[in-house]
Amino acid sequence: MNVIFLLLLLLPSSVFAGVPLDTVQVNVNKVLEVLRDPALKPASAKTVKKEKLRVIYERMFDEVELSRRALARHWNSLNAAQRQEFVHLFRQVLENAYIDKILSYTNEKIVFDRERMLSANQAEVTTRIVTSSKTIPITYRVIQKGGIWKVYDVVVENVSLIQNYRTQFNEILNGQKPEQLLQTLRKKVKEQQ
């Protein structure tokens with residue numbers, strides 16, 4: 001009996017699911033519940049479905065951390081009101097860019113592989129979407145603040161959401177003022193609607 005207990009203690013901690021993995025899994029499963037809900041299948045229910053997904057997003061993601069990391073060093077050049085507007089606009093850009101892909105979910109299998117602690121309050125949770133023809137690796141980067149784990153980046157097939165947008169924002173902000181970035185995002189959001 002003691003030998004079995006000792007063996008369990010010696011196993012790498014990543015074998016066991018921890019709070020970061022559990023948090024991601026719970027939220028992803030809530031998204032799947034909404035997507036699989038037969039009452040939300042008709043096109044007429046699309047607005048309700050989007051609102052339910054928006055609520056899950058707000059619980060699952062640390063949108064301030066996501067925004068701060070996407071702007072990197074430029075974050076400090078925005079005043080408080082500009083940061084607040086940026087967070088709001090960036091959320092709309094992301095929603096408009098990804099909502100149709102999320103709504104097109106057709107019962108693919110999602111596998112939650114493992115978590116890897118990066119520090120005491122940051123971790124990566126690796127998952128896979130398995131379709132009939134391919135497997136898509138997705139890594140959620142999560143951070144703990146105030147005892148709550150939230151996602152601040154998503155890496156799909158080795159492409160980081162933050163890195164992707166940081167490159168675009170850097171191109172605008174190098175030589176331009178933050179107001180120019182906000183104007184660009186306002187225009188993009190308006191065009192997406």
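Student: What makes a residue count as buried here, and how much of the protein chain is buried?

Tutor: Buried means under 20% relative accessible area, exposed means over 50%, and partly exposed is in between, using a 1.4 Å probe and protein chains only. By that rule, buried residues make up 37% of the 193 residues in the protein chain. Bear in mind that this is a predicted model, where local features need pLDDT of at least 70, side-chain atom pairs count only at pLDDT 80 or more, and totals for chains, interfaces and linings use all residues. Residues are numbered from 1 along each chain as its sequence is written, and side-chain values use heavy atoms, with hydrogens and water left out.

Student: Why is Phe-90 called buried?

Tutor: Phe-90 has 1% relative accessibility, and the cut-off is under 20%, so Phe-90 counts as buried.

Student: What makes Phe-90 and Tyr-165 an aromatic pair, and of which kind?

Tutor: Rings of Phe, Tyr and Trp (its six-membered ring) pair if their centres lie within 6.5 Å; planes under 30 degrees apart are stacked, over 60 edge-to-face, and the rest tilted. By this rule there are six aromatic pairs. Phe-90 and Tyr-165 are 5.2 Å apart centre to centre with 70 degrees between the planes, an edge-to-face pair. The pair links distant parts of the chain: Phe-90 is in helix H5 (residues 80-103) and Tyr-165 in helix H6 (residues 161-173), 75 residues apart. Helices here are DSSP runs (H or I, at least four residues), strands are E runs of at least two, and both are numbered from the N terminus.

Student: Is Tyr-165 buried or exposed?

Tutor: Buried, because Tyr-165 has 7% relative accessibility.

Student: Which residues do ring pairs link into a cluster?

Tutor: The cluster holds Phe-86, Phe-90, Tyr-165 and Phe-169.

Student: How do you know that the charged end of Arg-69 sits over the ring of Tyr-152?

Tutor: The rule asks for NZ of Lys or CZ of Arg within 6 Å of the ring centre and within 35 degrees of the ring normal. The charged end of Arg-69 lies 4.0 Å from the centre of the Tyr-152 ring and counts as sitting over it.
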